Amino acid sequence: MKLPTLDTLSTIRTDGSRSFVHPADVKGRLTSLKKLVAFVLLVVYAALPWIPVNGYPAVFLDVQERRFHFMGLTLAMQDLWVGFFLITGLAFSLFYVTALFGRLWCGWTCPYTVFLEHVYRRIERLIDGDATARRRLEDAPWTKSKVARRVFKHGVFLFVSAVIAHIFLSYFVSLGKLYEMMKGSPSEHLMAFGVMAFMTGALYFAFSWFREQFCIILCPYGRLQSALTDDHSVIVGYDQKRGEPRGKVGSTTGSCIDCRRCVQVCPTGIDIRQGMQLECIGCAACVDACDDIMIKLKRPTGLVRYDSYVGLHGGKTKIIRPRIVLYTLLLFLGAGAFLFSVSRLSSMNASAVRMIGAPFYVADGTLRNQFLIRVINKHNSPSTYRLEIVGGMPPQLNVAGFVERLQLPALGEEQKTLVLSMPESAFTEPFKLQVKVTDEVHGDTVTTRVMEFLGPDSKLKSKAPLNAKDFIQ
């Protein structure tokens with residue numbers, strides 16, 4: 001493997017071909033903590049579809065029924081505007097963490113890193129051995145033993161990819177429905193089968209071959225970090241003042257003995273001693289690797305450590321600084337907007353829209369307007385709703401098709417046609433009405449948007465009928 005430089009990627013050889021990275025194993029306090037975090041995240045990912053909350057999985061994106069369940073909160077399609085605050089809040093939280101701790105997200109909690117480092121590369125270590133054995137096997141000629149080992153490893157990769165894809169699919173169809181699909185023919189549910197097959201293939205390609213190239217080449221977050229961090233952001237760095245000049249053990253030079261252990265354990269193949277680089281994902285493998293060497297040499301640890309650029313150059317890191325204060329205020333403002341949005345959600349949704357067609361109809365001296373009333377029960381239990389028309393209703397107005405009480409099952413909905421009519425002679429100008437819907441079980445009340453009763457323009461009605469002369473200028 002060529003020595004990493006700042007001018008070229010260490011994963012690309014001089015002839016342009018791919019050089020696979022085989023990071024060595026490392027042990028240490030940060031590595032142990034990182035494994036624990038990854039284990040918790042993997043358990044959460046696999047367990048969420050199994051955990052029932054209010055009768056539904058903890059996270060269930062029911063696309064078919066257009067219902068989205070998050071930890072007991074059920075959102076209908078009409079409530080997806082709340083998702084704007086959720087998604088932007090998560091994105092801004094990531095930026096906030098980056099301003100404080102650099103790419104800590106990438107190295108510790110990013111799903112891609114968790115699956116690659118703690119699932120696929122763990123499997124590879126069990127089958128192919130440590131980094132030295134893997135490199136030796138990669139350079140060895142193709143024998144029956146190598147072919148068998150490769151087939152077995154990639155078979156396991158494919159199986160794990162299929163398991164991850166099925167769990168992902170269960171977030172959208174539920175585990176029960178997924179199990180029914182698995183028992184049936186793929187032709188009976190081509191869409192779901194296609195999604196699962198695509199996900200399996202994409203995961204297998206990414207984690208068996210593309211690997212760290214995603215973090216280096218495709219991931220846009222790595223490109224944003226230079227704009228989100230400053231000299232006081234805590235990153236993984238090398239203490240040049242203490243480490244340089246490098247020399248052998250026993251010499252009077254700096255603490256770094258140029259063992260290149262930090263390079264050997266890096267999952268993206270960089271040399272952290274060359275400074276902050278876009279390829280660094282802040283995983284801290286080099287921190288534990290260097291600390292292990294320093295302990296063996298009976299030297300102080302921390303030659304490679306989590307610190308800011310200022311701290312690595314002898315200064316004092318400032319956690320509280322203007323951009324962090326601003327980010328904190330914006331974060332609390334966003335969180336407040338999200339909580340307010342959630343508090344405005346109701347256990348039901350009601351709407352009233354004019355039916356497709358002409359805005360009004362006139363027949364036999366009767367003026368008629370038609371509306372469609374829709375009531376949705378967003379609660380996970382049956383409920384009864386009381387409906388009433390509110391507004392300035394003329395005494396001549398006749399109401400047909402209107403029901404005063406509806407009973408809806410859990411997450412059910414119903415549409416009713418509302419026909420309003422009155423003598424054409426009694427109509428003078430448009431007037432407005434609304435439908436008020438009250439949930440008799442949960443006590444919520446929703447008032448629909450204004451319905452406007454329309455008719456012929458009263459000014460035109462007072463004029464004499466038009467004839468051909470009216471159109472001659």
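The legends below describe close-up views of a predicted model. Residues are numbered from 1 along each chain as its sequence is written, and side-chain values use heavy atoms, without hydrogens or water. Local features need pLDDT of at least 70 and side-chain atom pairs pLDDT 80 or more, while totals for chains, interfaces and linings use all residues.

**View 1. Lining of the largest pocket.** The lining comprises 29 residues, and Tyr45, Leu90, Trp105, Thr109 and Pro111 lie nearest the pocket centre. A pocket is an open set of points on a 1 Å grid over the protein atoms alone, where a 1.4 Å probe fits, with protein on both sides within 12 Å along at least five of seven lines; lining residues have an atom within 4 Å of a point. Helix 2 (81–101) contributes the most, with 6 residues; helices are DSSP runs (H or I) of at least four residues, and strands (E) of at least two.

**View 2. Positive phi at Ser174.** Ser174, in the loop between helix 6 and helix 7 (175–183), has a phi of about 75° although it is not a glycine. Its relative accessible area is 17%, so Ser174 is buried (under 20%; exposed is over 50% and partly exposed in between, with a 1.4 Å probe and protein chains only).

**View 3. Positive phi at Asp364.** Asp364 lies in the loop between strand 9 (361–363) and strand 10 (366–377), with phi near 55°. Asp364 is exposed, at 84% relative accessibility.

View 4. The bond from Glu244 to Pro245 is cis, with omega near -5°. Pro245 is in the loop between helix 11 (240–243) and helix 12 (261–264).
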